[in-house]
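The following questions and answers concern the sequence and structure shown below.

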Amino acid sequence: MPDMFNLTPQMQDYFNSLPKMMQETIIQSGAKINSLDDLKAVVEGVTENEQG
């Protein structure tokens with residue numbers, strides 16, 4: 001689960017820009033997210049799983 005209290009401002013802005021369902025999926029995924037690139041990779045992975 002992302003540490004919602006230790007996100008950088010850029011990570012927080014990106015996370016907040018996502019649809020609520022995507023935010024919830026990320027939180028429940030348990031993914032280790034330590035950077036904006038990590039966050040984007042998780043979003044990309046979730047999007048690919050939903051499409052495929």
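Q: Where is Pro19 placed, and is Pro19 buried or exposed?
A: Pro19 belongs to the loop between H1 and H2, where helices (H or I, at least four residues) are DSSP runs numbered from the N terminus. This is a predicted model, in which local features need pLDDT of at least 70, side-chain atom pairs count only at pLDDT 80 or more, and totals for chains, interfaces and linings use all residues. Residues are numbered from 1 along each chain as its sequence is written, and side-chain values use heavy atoms, with hydrogens and water left out. Buried means under 20% relative accessible area, exposed over 50% and partly exposed in between (1.4 Å probe, protein chains only), so Pro19, at 53% relative accessibility, counts as exposed.

Q: What distance in space separates Pro19 and Glu48?
A: Along the sequence, Pro19 and Glu48 are 29 residues apart. From C-alpha to C-alpha, their separation in space is 16 Å.

Q: Is Gln23 buried or exposed?
A: Gln23 sits in helix H2, which covers residues 20-29. Because its relative accessible area is 8%, Gln23 is buried.

Q: Which backbone oxygen does the side chain of Gln23 reach?
A: Leaving aside neighbours within four places in sequence, Gln23 is in contact (heavy atoms within 4.5 Å) with Phe15, Asn16 and Leu18. At 3.0 Å, the side chain of Gln23 reaches the backbone oxygen of Leu18.

Q: Which residues of H2 are buried, and how are they arranged?
A: The buried residues of H2 are Met22, Gln23 and Ile26. Seen down the axis of H2, they fall within an arc of 100 degrees (taken from the directions from the helix axis to the C-beta atoms), so they line one face of the helix. On the other side of H2, the exposed residues are Lys20, Met21 and Gln28. What covers the buried residues includes helix H1 (9-17) and H3.

Q: At what angle do the axes of H2 and H3 cross?
A: Two packed helices are described by the angle between their axes and the distance between the axes. Here the axes are lines fitted to C-alpha atoms over the stretch in contact, with angles from 0 to 180 degrees between N-to-C directions. The axes of H2 and H3 come within 11 Å and cross at roughly 105 degrees. Angles of 65 to 115 degrees count as roughly perpendicular, under 35 as roughly parallel, over 145 as roughly antiparallel and the rest as oblique, which makes H2 roughly perpendicular to H3.

Q: Which residues make the contact of H2 with H3?
A: By class, this contact has 6 nonpolar, 3 polar and no charged residues. Its members are Met22, Thr25, Ile26 and Ser29 of H2, together with Leu39, Val42, Val43, Val46 and Thr47 of H3.

Q: Is Gln51 buried or exposed?
A: Gln51 lies in helix H3, which covers residues 36-51. Gln51 and Thr8 are 43 residues apart in sequence and 29 Å apart in space, C-alpha to C-alpha. With a relative accessibility of 67%, Gln51 counts as exposed.

Note on methods. Helices (H or I, at least four residues) and strands (E, at least two) are DSSP runs, numbered from the N terminus. A polar contact is a pair of N or O atoms within 3.5 Å; within protein, one must be able to donate a hydrogen and the other to accept it, and residues adjacent in sequence count only if both atoms are side-chain atoms. Ala, Val, Leu, Ile, Met, Phe, Trp, Tyr, Cys and Pro count as nonpolar, Asp, Glu, Lys and Arg as charged, and the others, Gly among them, as polar.
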